[in-house]
Amino acid sequence: MRSIWNGAISFGLVSIPVKLVNATENHSISFRQIHLADGGRIRYRKVCELDEEEVSGGEIGKAYEDADGTMIPITDEDLAQLPLPTAKTIEIVAFVPADRIDPLQMDAAYYLSANGVPAAKPYTLLREALRRSDRVAVAKYALRGRERLGMLRVVDDVIAMHGLLWPDEIRAPEDAAPDGDVTVRDAELDLADALMDTLGEVDMDSLHDDYREAVEELVAAKAAGESVLPAEPEDTGDGKVIDLIAALENSVRAARKSRNGEGAGDGDGGSGMAEVHPIKKTSSKTSGKTARTTGAEQTTGTAKTTGTAKKTTHRTPTGKTVTRSGSSTAKKSAPKSTGAKKSTSTTKKSAGSAGSRTAAKKTAKTATKTATKTATKKRTSSSGGTTAKKTAPSRKRTSA
């Protein structure tokens, strides 16, 4: 790399000969001004205002313009006679922590290269001292006709110098803050934190100038005589005031989708995982001394009977046909039996049923109930878990 300045670093009584080279380069694409009528290039010529004649570079000097417009000539010899100790020296004045330097002061960046073999040892000494102290050096130097402020730090195995603006060159942030008091809610801060966490970090080496690449493609297409399709404009919001919460939520979704390559798990509820609830087992209970059937003990509690009213016909061992109205099966999930389904083993009759029937009929039907109960148990046991059919005294029975 070509050096732009030769001098020395003054480190106390130690002098380190160095060369200054640019650490950055400008990749911006420059354009020329042309005459639209014929494509001729437009050039600027330096013309004297008094005689209106073009002046060459050798005839041009410096001058300071006074407040009244008077020009005061200043020659290079005048500037060379000024007592400027930093004219050829980078003078270190202090060592401070890096966080003491305001990023607003950062300017151009340079690499300091050891100038010659004798400079290698003191150069390495300063580099390692900076590295071990975890501090940066503040220095003064002169470049392009003015004294400047700089910061020296270690980058890999090289000492780099950042040009700094003088503190009085930093403007105060007046009228830059929003007017009035603005309150930010905790929910908005939480969404902002979530967006920051989702965006995460980035490899700085992966960042590049998209606009410059687009300009290069445009120039190449124009040179080849190809047509250039206009790019689709991006939606930037047009400066409209929007719902901040909604904008943050959408930003988090977009960032997660960009990171994951898909919308899964983005919190929009469309593709999230469903909640799983455990299924509790229930047992069928009957009052009195009614025995639990095999099918009721094996149920898991997940199957439920339908509420559709059906009429079922059951023939008893005595030859009578009993017609039942309502649900043909008992609900397994019900923890209690209904009032209409009472145990047939109980010997007590409800008051409403006893009042409507005579003692003679009760005596005649006792044998029928006993036979029905025995047949029901046998049928349930043989069917391997079918629904238990209970005979309730309160149901009406119709003789065939």
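Strands β7 and β8 form a hairpin with 2 residues between them, and arginine 144 in its turn has a positive phi of about 55 degrees. The model described here is predicted. Both strands belong to a closed barrel of 7 strands, in the order β1-β2-β6-β9-β8-β7-β5.

- Strand β7 covers residues 136–143 and strand β8 covers residues 146–155.
- The two strands are antiparallel, and 7 bridges pair them.
- Within this pairing, tyrosine 141 stands opposite arginine 148 in β8.

**The hairpin of β8 and β9**
- Strand β8 also pairs with β9, again in the antiparallel sense and over 7 bridges.
- Valine 154 is set opposite isoleucine 159, a residue of β9.
- This hairpin has 2 residues between its strands, and aspartate 156 takes a positive phi near 60 degrees.

**The barrel**
- The pairing of strands around the closed barrel is mixed.
- From one strand to the next, the twist averages 40 degrees.
- Strands β1 and β2 run antiparallel and are joined by 8 bridges; β2 spans residues 14–22.
- Tryptophan 5 faces leucine 20 of β2 across this pairing, the two standing opposite each other.

**Histidine 162**
- Histidine 162 is found in strand β9, which comprises residues 158–164.
- Its relative accessible area is 13%; because the limit for a buried residue is under 20%, histidine 162 counts as buried.
- Its side chain makes a polar contact of 2.8 Å with the side chain of arginine 153.
- Apart from neighbours within four places in sequence, histidine 162 is in contact with Met106, Ala108, Ala109, Leu149, Gly150, Met151 and Arg153.
- Arg153 is therefore both a polar partner of histidine 162 and a member of its list of contacts, while histidine 162 itself is buried.

**Isoleucine 9**
- Isoleucine 9 is part of strand β1, residues 3–11.
- With a relative accessibility of 0%, isoleucine 9 is buried.
- Beyond neighbours within four places in sequence, the contacts of isoleucine 9 include Val14, Ser15, Ile16 and Val18.
- Further contacts of isoleucine 9 are Ile90, Ile92, Leu112, Leu126 and Leu152.
- Lysine 19 lies 10 residues from isoleucine 9 along the chain, and their C-alpha atoms are separated by 9.8 Å.

Note on methods: Residues are numbered from 1 along each chain as its sequence is written. This is a predicted model: local features need pLDDT of at least 70, side-chain atom pairs count only at pLDDT 80 or more; totals for chains, interfaces and linings use all residues. Side-chain values use heavy atoms; hydrogens and water are left out. Helices (H or I, at least four residues) and strands (E, at least two) are DSSP runs, numbered from the N terminus. Buried means under 20% relative accessible area, exposed over 50%, partly exposed in between (1.4 Å probe, protein chains only). A polar contact is a pair of N or O atoms within 3.5 Å; within protein, one must be able to donate a hydrogen and the other to accept it, and residues adjacent in sequence count only if both atoms are side-chain atoms. Contact means heavy atoms within 4.5 Å. Two strands pair if DSSP finds at least two bridges between them. Axes are lines fitted to C-alpha atoms, for helices over the stretch in contact, and angles run from 0 to 180 degrees between N-to-C directions.
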